[in-house]
Amino acid sequence: MTIELRHLEYFRAVAEELNFGRAAERLFISQPGLSRQIKQMEEILGVQLFERTKRRVELTAAGHFLRSEVDYIFNHLELTKTQLKEIAKGNVGELRIGFLGSAAHTVLPDFLVKISREFPGIQSSLEELSNAMQVEMLEKDRLDLGFVRLARVPNPLQMQVVHIDTFSVVLPMGHPLSNGGFKNVGQLKEEDFILFSHDYSSIYFDKIMSICEDQGFSPRITHKSVHALTIFKLVEAGLGVAIVPTSLKEGYDLKVNFIELKNIKQKTELFAVWKKGNRNPALSKVLGLL
């Protein structure tokens, strides 16, 4: 036999009352029945919990120790019940978030601040991932929420635009067009270009290609990367120029110049993506904060 929760309830009542009669009344059971339960508990544990005489009942040393442990067990059970209710309401839990690097410079910090303020019981785990990896992990329920740049996502994923960004040209310090001479991307047609990899974000790649094509040329691509910092470092080293979302200029201290392309039709949209029917109750809470 094993100790059951009822045994602990019976023990606690006797330990607090130090009287089997009063404890039995409190528990709404007969006194002989309570005595049998305590005796059974002592047999299971292999220790004596109470010293019994005709006049008094006292806890043994083992009984004193068990009383403190039982108090902890019941307090922890109450806390667990409270936590379970909060989890069911979506007020407590973990939110698994995937994101592109550019999201870390735009919506993600503000979004996490809002979650912390509105739902302090919700913790977030963050992982920088490509568009394709985020979609795959969302479909397999390994992520709850993603931040991607995609034109569409497969069913049953849902998406909501959360940020619209312009593009900027990135030039090394000292480039002839860095000091007010820049008019359009066509001036860079003889330059080497450093771009985000097509595999990392096909929508980035295609839009940047279209920006150049609108000026009558196809860029000569010499390097590709999945990391903005790598692209900026290569530009800084004079290995080429780049076109990136404007928001990526935040957070870096490098010897490069950003020139925003305000007057072109191409913009880049950042979407929040999640799986319809996701069972994490925290997700439905935070979607309202996007």
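Visitor: Is Ser168 buried or exposed in this one?
Guide: In this predicted model, Ser168 has a relative accessibility of 1%, and because buried means under 20%, Ser168 counts as buried.

Visitor: Where does Ser168 sit, and which residues does Ser168 touch?
Guide: Ser168 lies in strand β7, which covers residues 167-172. Leaving aside residues up to four places away in sequence, Ser168 touches Ala242, Ile243, Val244 and Thr246, and also Phe258, Ile259, Glu260 and Leu261.

Visitor: What does the side chain of Ser168 make a polar contact with?
Guide: The partner is the side chain of Thr246, and the polar contact between the two side chains is 2.8 Å.

Visitor: And which residue stands opposite Ser168 in β11?
Guide: That is Glu260; the two strands concerned, β7 and β11, run antiparallel and are joined by six bridges.

Visitor: What's the strand order in that sheet?
Guide: The sheet is open and has three strands, in the order β10-β7-β11, with antiparallel pairing. β10 (242-245) and β11 (256-261) are the edge strands, each of them pairing on one side only, and from one strand to the next the twist averages 35°.

Visitor: Which helix packs on the sheet?
Guide: Helix α7, residues 202-213, packs there and touches β7, β10 and β11, with its direction at about 125° to that of β10. The 12 residues of α7 reach 16 Å from the first C-alpha to the last, which is close to the 16 Å expected at 1.5 Å a residue.

Visitor: Which α7 residues are buried, and what covers them?
Guide: The buried residues of α7 are Ile203, Tyr204, Phe205, Ile208, Met209, Ser210, Ile211 and Cys212.

Visitor: You mentioned β12; how many of its residues are buried?
Guide: Seven of the eight residues of β12 are buried, so β12 is largely enclosed by the rest of the structure.

Visitor: Which strands are joined to β12 by bridges?
Guide: Strand β5 (residues 145-148) is joined to β12 by three bridges and runs antiparallel to it, with Phe147 standing opposite Ala272. Strand β6 (residues 157-165) also runs antiparallel to β12, through eight bridges, and there His163 has Leu270 of β12 as its bridge partner.

Visitor: Changing topic, why does the length of α4 make sense for a helix?
Guide: Helix α4 has 29 residues, 61-89, and at 1.5 Å a residue these should span 42 Å; the end C-alpha atoms are 43 Å apart, so the two values agree.

Visitor: Which residues are buried in α4, and what do they pack against?
Guide: Gly63, Leu66, Val70 and Phe74 are buried in α4, and the buried residues of this helix pack against α1 (5-17), α3 (31-45) and β2 (57-59).

Visitor: What does UniProt list for residues 3-60?
Guide: The UniProt record, an unreviewed entry, lists "domain: HTH lysR-type" for residues 3-60. In the model, the chain over residues 3-60 is 62% helix and 10% strand, and its end C-alpha atoms are 19 Å apart.

How values were computed. Residues numbered from 1 in each chain as written. Predicted model: local features only at pLDDT ≥ 70, side-chain atom pairs only at ≥ 80, totals over all residues. Heavy atoms only, no water. Helix = DSSP H or I, 4+ residues; strand = E, 2+ residues; numbered from the N terminus. Buried < 20%, exposed > 50% of the residue type's maximum accessible area, 1.4 Å probe, protein only. Polar contact = N/O pair within 3.5 Å; in protein donor to acceptor, adjacent residues only side chain to side chain. Contact = heavy atoms within 4.5 Å. Expected span 1.5 Å × (residues − 1). Pairing = 2+ DSSP bridges. Axes fitted to C-alpha atoms, helices over the stretch in contact; angles between N-to-C directions. UniProt positions renumbered as here; feature names shortened; annotations may be inferred.
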